[in-house]
Amino acid sequence: MWIVTAARISSANLGPVPSLTDLLNAAVDGVGGSTRPGQVEMAQAVERAVTTGEHLLVQAGTGTGKSLAYLVPAIAHAMRSGRPAVVATATLALQAQIVDRDMPRLADALTGPLGRRPTYALVKGRRNYVCQHKLVGGFPDDEDGLLDVGEVDAAAGRLGQEVVRLREWAEQTESGDRDELVPGVSERAWRQVSVSADECLGSKCPEFGDCFVERSRTAAKEVDVVVTNHSFMAIDAFEGRHLLPPHDVLVVDEAHELVDRVTSTITDDITPGAVRGASKRAGRLVQSTEELDDLAVALEAQLEDVPEGRLRGGMPDALALTVSRLREVTRTLLTELKPEKGAEVDGGRQIAMAAMEDLFDTAGRVLEERELDVLWVSKDPRRGPVLRVAPMSVAMLVRDKVFEDDSTDEDGNRTDRTVVLTSATLELGGTFDAVAGTLGLRGDGAPPWRGLDVGSPFAYPEQAIAYVAEHLPAPGRDGLAPQTLDEIEELVRAAGGRTLGLFSSMRAAREAAEAMRERLGSEMEVLCQGEDQITTLVRQFAAEPTTCLFGTLTLWQGVDVPGSSCQLVLIDRIPFPRPDDPLSSARTEEIGRRGGNGFMAVSATHAALRLSQGAGRLVRRSDDRGVVAFLDNRMVKARYAGFLQRSLPPFWPTTDKSLVLGALRRLDETAPPPLPVADPARRGLTGAVVEGAVAASLDEDGAEHPRPVSAPGAKVSR
């Protein structure tokens, strides 16, 4: 049975929409929260932006309740205009929070004042859903014989077992959404039941009527709030695919991540493996792919000879010739692969064409040498040598396609769009200028915008300590120093576990995890990113206070564990981009060439964003207490230390180790039990939690907490 959220009702059939004040009061009362000045100020600013068309950047600290502050005016606008509002997030955790917790509670609270229940939907990229056609054998297997193995003998291996489990789950799921599947499966297994947008047969697919993706997007056209991610929003804006319904309000949450997500979305690469894969897919459909196989060999040899890093003077001649020939050969093969007019396109041919088109387009982009494109070679342990190309800056692209959107609706009418960007981290060093510049909001021709910092309701100096281990040696390139490992052990023991370790690399995270496992033995469990899905690891960490969780970038931003399970956050070093990072170095050089300070504009700004996000993992509620420990003495000794410190929440600062150890011991001795942890919920077609399924958790203080979340009354998952 398909579960579809109720269709949006024309505003003409409803009475006048109540005032923002009345709606916000109803929302706050409905979720059991209390009025917060910052939340009210932000909601009023969002409403004003929507009314005037002036874009808005809002810094809203943890505890503000920012999701309510933008969702209430967004819903009100949708009711008045008959158009949905789109909310784009960077992380799956925040998407889940909005769809599983915020919108259901808001819908309940606002049904009375609005005269009907607000509706919502979750929209993701095609790879996130099961493909019905692939399930019934409409596409060739990605792994030879894998499905047969899985069907015949589930014990034949983990991969086969996963595929059998996927098939069983696909018969029961109403959404087809991968996130509903817990525990998850490997990427190799998921590829057996999913396709990319380019591989999809579209309306020609025999399963089109039952397609999870098409049904979810059709349902999304009839709701008030559409929730998606930065990458999907960017593809919709840049490529004009009209994947999202026409809208004139876009809210970008976790906006500090937007530039990186957009850059990643429009980064392309070529690998010898991709060339071989395209050859294999096209092998039975064209006369010969022998030349493509030869090009894969030549490309691999030439890329191996090129040092890892940025290609400052362009490609070596031999590599350029190979890429040029690759474009010519793929053009010829695409012509051969193209079905005759009126002929039915099968799954195998579509996949082959998609792989060939990707190579053809990327080779063309590399050869084009666009002014802002940066070209480099990396050596990936899994994929081998990779030729990558990405834009040095996306500022003008974001300005033109996101802020100055000139799209039209289904009737051909222009739809001007107001954009609201929000995050706990938009103001760096006391100003919005750094972030605004990366988004195309500065300089000649920039659209009008306003910056607003609504603060945080938390008493940060009373709730948390910012400790800098000034006595430790400066971080080096040879791993964690013995003194640093000793420091980690002392801090973790004093905290009784309860530690989230944020490291600048997976190598450092694994090194620390192994060292602590040896030193702590059975006293405490140490989890490390990569050992299971992030959501599973965080639920385990939140449920057991003597557990530590170590990891890298993913944990710096998308993890939320309020309560006593997280009372110590470790940060091993200032998270500068690597000096040889191609994009960062290109940006730094360009800013220096124009007379600016490239280090401060690029490296220090990058580090400030990451530090603020990492430190923000500690205090998630008004009763949270703890320590953020920086194991890098440059936080107090370097000339840029002040800039980094001004970008952090205003914790109470110290370099006194004995004071910190004593505070952690007292917190451990008096810590209340950990908050229960919500299980993942089963979803319906629009992404909403299915009625009767385990719902996401509530929070008595009303602050937003992305899943996995601890909260009173929720089911404990161990």
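Which residue takes a positive phi just after α15? The residue is E369, with a phi of about 55°. Welcome to this predicted model, a chain of 718 residues of which 57% are buried. The chain's secondary structure comes to 27 helices and 18 strands. Among contacts between residues at least 6 apart in sequence, 77% join residues at least 24 apart. Here is a short tour, topic by topic.

**Helix α15 and the residue after it**

- Helix α15 covers residues 347-368, and at 1.5 Å a residue its 22 residues should span 32 Å. Its end C-alpha atoms lie 31 Å apart, which agrees with that expectation.
- Most of α15 is covered, with 17 of its 22 residues buried.
- E369 sits in the loop between α15 and β8 (373-380). E369 is exposed, with a relative accessible area of 59%.
- Most residues other than glycine have a negative phi. E369 has a positive phi of about 55° although it is not a glycine.

- R498 is found in the loop between α19 (482-495) and β13 (499-502).
- Is R498 buried or exposed? R498 is buried, because its relative accessible area is 7% and the cut-off for buried is under 20%.
- M524 belongs to the loop between α20 (506-520) and β14. M524 is buried too, with a relative accessible area of 10%.
- Along the sequence M524 and R498 are 26 residues apart, while in space they are 9.4 Å apart, C-alpha to C-alpha.
- Setting aside neighbours within four places in sequence, M524 is in contact with V492, R493, G496, G497 and T546.

**The nonpolar cores**

- The largest nonpolar core has 74 residues, and those touching the most other members are L421, L439, L611, F630 and L644. Helix α24 (residues 598-615) supplies the largest share of this core, six residues.
- A second, separate core has 43 residues, among them V28, V50, V225 and V420.
- What does L421 touch, not counting residues up to four places away in sequence? Its partners are L56, L57, V58, V252, A255, L258, F403, L426 and L439.

**Helix pairs**

- The axes of helix α23 (residues 582-593) and α24 come within 7 Å and cross at roughly 155°. That angle is over 145 degrees, so α23 and α24 count as roughly antiparallel. Their crossing is right-handed.
- On the α23 side, the contact is made by S584, R587, T588 and I591, and on the α24 side by G598, F599, A601 and V602.
- Helix α10 (residues 230-239) and helix α11 (residues 258-265) pack at an angle of about 60°, with their axes 9 Å apart. The two helices are therefore oblique to each other. The crossing of α10 and α11 is right-handed.
- From α10, the residues H230, S231, M233, A234, I235 and F238 meet L258, R261, V262 and T265 of α11. One of these, L258, is also touched by L421.

**Helix α21, an enclosed helix**

- Why is helix α21 (residues 534-543) largely enclosed by the rest of the structure? Seven of its ten residues are buried, so the helix is largely enclosed.
- The buried residues of α21 are T536, L537, V538, R539, F541, A542 and A543.
- The cover over these buried residues includes β13, β14 (525-528) and β15 (547-551).

- K657 lies in helix α27 (residues 657-670). K657 is partly exposed, with a relative accessible area of 22%.
- In sequence K657 and L491 are 166 residues apart, yet their C-alpha atoms are 9.1 Å apart in space.
- Leaving aside neighbours within four places in sequence, K657 is in contact with Y467, H471, E487 and E490.

Definitions and conventions. Residues numbered from 1 in each chain as written. Predicted model: local features only at pLDDT ≥ 70, side-chain atom pairs only at ≥ 80, totals over all residues. Heavy atoms only, no water. Helix = DSSP H or I, 4+ residues; strand = E, 2+ residues; numbered from the N terminus. Expected span 1.5 Å × (residues − 1). Buried < 20%, exposed > 50% of the residue type's maximum accessible area, 1.4 Å probe, protein only. Core = buried A, V, L, I, M, F, W, Y, C linked by side-chain atoms within 4.5 Å. Contact = heavy atoms within 4.5 Å. Axes fitted to C-alpha atoms, helices over the stretch in contact; angles between N-to-C directions. Parallel < 35°, antiparallel > 145°, perpendicular 65-115°, else oblique. Left-handed = near helix turned anticlockwise from the far one by under 90°.
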